[in-house]
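Me: Please take a close look at one part of this model and tell me what is there. I would like a single connected answer in plain words.
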Amino acid sequence: MSYQQVTNHNQQNVEQTEAVLRTENLDIFYGSFKAVEGVALNIPKNRVTAFIGPSGCGKSTLLRCFNRLNDLINGFHIEGNVYYHDQDIYDKDVDPVEVRRRIGMVFQKPNPFPKSIYDNIAYGARVNGHKGDLDELVESSLRKAALWDEVKDKLKANGLSISGGQQQRLCIARAIAINPDVVLMDEPCASLDPISTLKVEELMHELKEQYSIVIVTHNMQQATRVADMTAFFNAQATETGGKKGYLVEYNRTEMIFQNPQEQATKDYVSGRFG
């Protein structure tokens, strides 16, 4: 079965809800090397969508396409389309900075600014000319990130002085303080202990009421716990010795893990490779 046939087959199974992000025949290149081929999928609004698959299959590369972070990499370009609602975000008239304001990012390792907890949250609002009450914004964002009660008495403390799990929730609070529509999370729990991981996972369930979330994870159990939809990616070796990623199957999470349609998906989620 070709990549496109697989994609079309899977799109028919995706729950019928408004798509906040959509790709069409997306190929991702670094110079002449095609890193990801033929991805077509719809990311539903107010859901958690997980990208799973072995290392080197393009999960994080695709994730960064959604807010144009790959633009910063020399030689990067795409063929095909990436839509945010109905706007092609790679159109020449689209401002990448505005894309990143609407589509926020949380990285694998917590990366607070070397500023106070308060200023970590307020920074983006100030840069974007926020006219409202900054104190209110900081408290609201920290509450949404389930962090307010833990840091409300030390808002002047350096954001790097709190625990790793708290730092990651601070980064989530910072991302949502500028009122994005979508939050991208690239293995947000990879460097966290189990208790902090649980708090971040619980937070995702709460945040999807207001935001659409896309998460890359290598943790199969995490995908089953947090994701409404799951996309499984795989990779094949190229003639030049690299790997080319592609979408194998995309469906409701329970279908991916309990009744996958592709043998490769079944092998991966059962632990036979990856």
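Predicted model: local features only at pLDDT ≥ 70, side-chain atom pairs only at ≥ 80, totals over all residues.

Reply: Residues are numbered from 1 along each chain as its sequence is written, and side-chain values use heavy atoms, with hydrogens and water left out.

The largest pocket has a volume of about 570 Å³. A pocket here is an open set of points on a 1 Å grid where a 1.4 Å probe fits, with protein on both sides within 12 Å along at least five of seven lines; its lining residues have an atom within 4 Å of a point. The volume is the space filled by probe spheres set on those points, which are joined across faces, edges and corners. The lining of the largest pocket has 19 residues, and those nearest its centre are Arg100, Phe113, Tyr123, Gly124 and Ile178. Two or more lining residues come from each of helix H3 (96-102), strand S6 (103-106), helix H4 (117-127) and helix H7 (164-177). These elements are DSSP runs numbered from the N terminus: helices (H or I) have at least four residues and strands (E) at least two.

The second largest pocket has a volume of about 200 Å³. Its lining has 13 residues, and His130, Leu137, Ala177, Ile178 and Asn179 are the closest to its centre. Helix H5 (134-144) and H7 each give two or more residues to this lining, and H5 gives the largest share, four residues.

Ile117, Tyr118, Asn120, Ile121, Ala122, Gly124 and Ala125 of H4 are buried, that is, under 20% relative accessible area, where exposed is over 50% and partly exposed lies in between (1.4 Å probe, protein chains only). An α-helix has 3.6 residues a turn, so residues three or four places apart point the same way. The cover over the buried residues of H4 includes H5, helix H6 (148-151) and H7. Asp119 is also in H4, but with 26% relative accessibility Asp119 counts as partly exposed. The C-alpha atoms of Asp119 and Leu155 are 8.5 Å apart, although 36 residues separate them in sequence. After H4 comes Gly129, whose phi is positive, near 70 degrees.

Next, the cysteines. The whole structure has zero disulfides, a disulfide being a pair of cysteine sulfur atoms within 2.5 Å. For Cys57, the nearest cysteine sulfur is that of Cys65, 14 Å away; Cys57 is buried, at 0% relative accessibility. For Cys171, which is in no disulfide either, the nearest cysteine sulfur is that of Cys189, 12 Å away. Cys171 is buried too, with a relative accessible area of 3%.

Last, a loop residue. Thr17 sits between helix H1 (3-11) and strand S1 (19-30), and is partly exposed at 33% relative accessible area. Leaving out residues up to four places away in sequence, Thr17 touches Pro44 and Arg47, where contact means heavy atoms within 4.5 Å. The C-alpha atoms of Thr17 and Lys45 are 7.1 Å apart, with the two residues 28 apart along the chain.
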